[in-house]
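Subject: Handover of a structure, with notes

Dear colleague,

I am passing this structure on to you, together with some notes on what turned up in it. Please look through the sequence and the model before reading on.

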Amino acid sequence: MLFRSREELFRPGDDVDVSVVVPAYNEVDSIPDLLDQVEASLRPITPRFEVLVIDDGSNDGTRALLEESRQSREWLRPVYFQRNYGKSAALAVGFDRAAGRVVFTIDADLQDDPREFGPLLMKLAEGFDLVSGWKQDRKDPFIKTSTSKLFNAVTGMASGLRLHDFNCGLKVYRATVSSSLQIYGEMHRYLPV
């Protein structure tokens, strides 16, 4: 087990305890609520956190919103892509720039609940290197939920890893794990494996 107490997880002198990586593409409407929810969830855990929103070439005003938002949120660290490279590229850049001892990922579309950060962190404290969330109440069309169930079943059988939702964007990693990942193509779907 890496840590048995808050003091072991968040050492005095660390600049950042927790990093949150948020891949975002055309999510201007959801980002303000997401930032509020992430802050409300992390403040009781630690005041030393950062949120890296990776704007994956959005064309809906996301960049302007992030520039405005970071004026009042010192913990917000936006990164801007000139064009859309995809979620794997956004995660790779986010992992590379994350300074926290633990790194959360969460999608920008508000389908993941930042209130789950605490329970995921407690599970990580049990000695795991990566803890994955699970979208129990998906708000996606039938075809997307059906193909996701098929993907989860096939990936689980092929890998031997039992997870409800490989595709869930809500995960927490030890920084030693997230910094060692090589992500390319659509490989973000297989990070738990």
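A polar contact here is a pair of N or O atoms within 3.5 Å, where within protein one must be able to donate a hydrogen and the other to accept it, and where residues adjacent in sequence count only if both atoms are side-chain atoms. The model is a predicted one, in which local features need pLDDT of at least 70 and side-chain atom pairs count only at pLDDT 80 or more, while totals for chains, interfaces and linings use all residues. Residues are numbered from 1 along each chain as its sequence is written, and side-chain values use heavy atoms, with hydrogens and water left out.

With that in hand, the side chain of Ser58 reaches the backbone nitrogen of Asn26 at 2.7 Å, and the side chain of Ser58 also makes a polar contact with the side chain of Asp55, at 2.5 Å. Ser58 is found in the loop between strand 2 and helix 3 (helices, H or I with at least four residues, and strands, E with at least two, are DSSP runs numbered from the N terminus). Ser58 is buried, with a relative accessible area of 17%, where buried means under 20% relative accessible area, exposed over 50% and partly exposed in between, with a 1.4 Å probe and protein chains only. Leaving aside neighbours within four places in sequence, Ser58 is in contact with Ala24, Tyr25 and Asn26 (contact means heavy atoms within 4.5 Å).

Turning to the sheet, six strands form an open sheet in the order 3-2-1-4-6-5, with mixed pairing; two strands pair if DSSP finds at least two bridges between them. Strand 3 and strand 5 stand at the edges, each with a single partner strand, so one side of each is left without a neighbour in the sheet. Helix 2 (residues 31–42) packs on the sheet, where it touches strand 1 (18–24) and strand 2, and its direction makes about 160° with that of strand 2. Helix 3 lies across strand 2 and strand 3, also running at about 160° to strand 2. For these angles, axes are lines fitted to C-alpha atoms, for helices over the stretch in contact, and angles run from 0 to 180 degrees between N-to-C directions.

Strand 6 deserves a separate look. Four bridges join strand 4 (residues 102–105) to strand 6, the two running antiparallel, and the bridge partner of Val103 in strand 6 is Tyr173. Three bridges join strand 5 (residues 130–132) to strand 6, again antiparallel, with Ser132 opposite Lys171. Lys171 and Tyr173 point one way from strand 6, Val172 and Arg174 point the other way, and all are buried.

Finally, a search of the whole structure finds four aromatic pairs, a pair being rings of Phe, Tyr and Trp (its six-membered ring) whose centres lie within 6.5 Å, with planes under 30 degrees apart counted as stacked, over 60 as edge-to-face and the rest as tilted. One of them is the tilted pair of Phe49 and Trp75, 5.3 Å centre to centre with 40° between the planes. The pair links distant parts of the chain, 26 residues apart, with Phe49 in strand 2 (residues 49–55) and Trp75 in the loop between helix 3 (62–69) and strand 3 (79–80).
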